[in-house]
Amino acid sequence: MAHGITTVHVAYVREKAGHALVAARQWIPREHIDDPAKQQIMGLPDDLVFRTKGQLAIDLLAEVFADGIWLDFVCGDEVYGACTRLREYLEGRGQGYVLRVPSNFHLTMARGVRLSCKQAAARLLASGRSWETRSAGKGSKGARWYAWAWLATISPRHYLLVRRHLITGELAFHYCYVPQGRPLSLSRLARAAGLRWPVEESFEFSKGCFGLDQSQVRLYTAIARHTVLAMAALAICAVTAALLRRRTGTQAPPPVRPGQPPPADPGMIPLTVPETARLLASPPPPRSAGHWLNWRRRHQALSAWHHQRTRLTRDTEITQVS
């Protein structure tokens, strides 16, 4: 959402490669569509009908699938997890999903007992069942650890995945569907649930580097054009950075023990999307600007190494407990 404009986006994430926004559709409130004055002011098409965010997500995913894009899991927050039509659409296509759901979301457990997620978590905590501590993926400062538990439901293809914060104890719930014949493990579901971080990074890049939220337009068509241009610029830089990742990433191996001295040569981090955008927009002169770019990437590599060493002690303790 930017300047009061709400848009439903689809982000494509590929581990160890990159991520970008690949589809978008504006969400227009029903009262705006039904009001002739607002419809004219916003430049809304005459045939535009109201669609919920879940319905827009179905429309966008249908376009993505039609383009031949294959998805391991579809992930989304509570707005989409609570949308029955979206879940039914994905299951009808045999598409796996890991969707966040609210604590009052109800499901039927393996023994036929119907409970809310909050009630299921309370039983889980009261039973003394051990939680498995696993990483939800790596961030810039190392692995992101949480405690996880998963519960079977009356359906052999559906599961409730519960995430618990290791410090605050805050709980998050994910309703999961795994089609028959697809690999199933707690690690795969946890990593899918952790994809929120690269999605947020895609929004950060699109806004900070390409002005996704900086347009001054207010008409429906103009907003759509600006959104497409910003997404296209992000996609170009994301693909470029992914193709150059192995050639430009020369980072030293990560630390393996607390107190380990830093490497003599930290190397350089791979070209990031923001750096790629700067290079494509205005290639640096062969000396000063290029030297500054290399220095910055080398400094970031050293900073990341120290962050990883700082967290190494805690991460080691976590893996030993699990």
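**Strands, rings and crossing helices in a predicted model**

Strand 3 (residues 74-76) and strand 4 pair in the parallel sense over three bridges; strands are DSSP runs of E with at least two residues, helices are runs of H or I with at least four residues, and both are numbered from the N terminus. Two strands count as paired if DSSP finds at least two bridges between them. The structure described here is a predicted model, in which local features need pLDDT of at least 70 and side-chain atom pairs count only at pLDDT 80 or more, while totals for chains, interfaces and linings use all residues. Residues are numbered from 1 along each chain as its sequence is written, and side-chain values use heavy atoms, with hydrogens and water left out.

Strand 4 and strand 10 pair in the antiparallel sense, over five bridges. Four of the five residues of strand 4 are buried, leaving the strand mostly covered; buried means under 20% relative accessible area, exposed means over 50%, and partly exposed lies in between (1.4 Å probe, protein chains only).

Strand 10 also has strand 9 (residues 158-164) as a partner: the two run antiparallel and are joined by seven bridges. Within this pairing, Leu161 stands opposite His174 in strand 10. The two strands form a hairpin with six residues between them, and Gly169 in the turn has a positive phi of about 75 degrees. Strand 9 is largely enclosed by the rest of the structure, because five of its seven residues are buried.

The structure holds seven aromatic pairs. One of them, Tyr97 with Tyr175, is tilted, at 6.4 Å centre to centre and 45 degrees between the planes; rings of Phe, Tyr and Trp (its six-membered ring) pair if their centres lie within 6.5 Å, with planes under 30 degrees apart counted as stacked, over 60 as edge-to-face and the rest as tilted. This pair links distant parts of the chain, since Tyr97 is in strand 4 (residues 97-101) and Tyr175 is in strand 10 (residues 171-177), 78 residues apart. Both tyrosines, Tyr97 and Tyr175, are buried. Together with Phe105 and Tyr177, Tyr97 and Tyr175 form one aromatic cluster.

Arginines meet rings elsewhere. The charged end of Arg163 sits over the ring of Tyr146, 4.5 Å from its centre, and that of Arg164 sits over the ring of Trp131, 4.8 Å from its centre. A charge sits over a ring if NZ of Lys or CZ of Arg is within 6 Å of the ring centre and within 35 degrees of the ring normal.

Turning to the helices, the axes of helix 9 (residues 220-248) and helix 10 come within 9 Å and cross at roughly 105 degrees. Axes are lines fitted to C-alpha atoms, for helices over the stretch in contact, and angles run from 0 to 180 degrees between N-to-C directions. Among the residues that meet here are Cys237 and Thr240 in helix 9 and Thr276 and Leu280 in helix 10. Thr276, in helix 10 (residues 273-281), is buried, with a relative accessible area of 3%. Leaving aside neighbours within four places in sequence, Thr276 is in contact with Cys237, Thr240, Ala241 and Leu271, where contact means heavy atoms within 4.5 Å.
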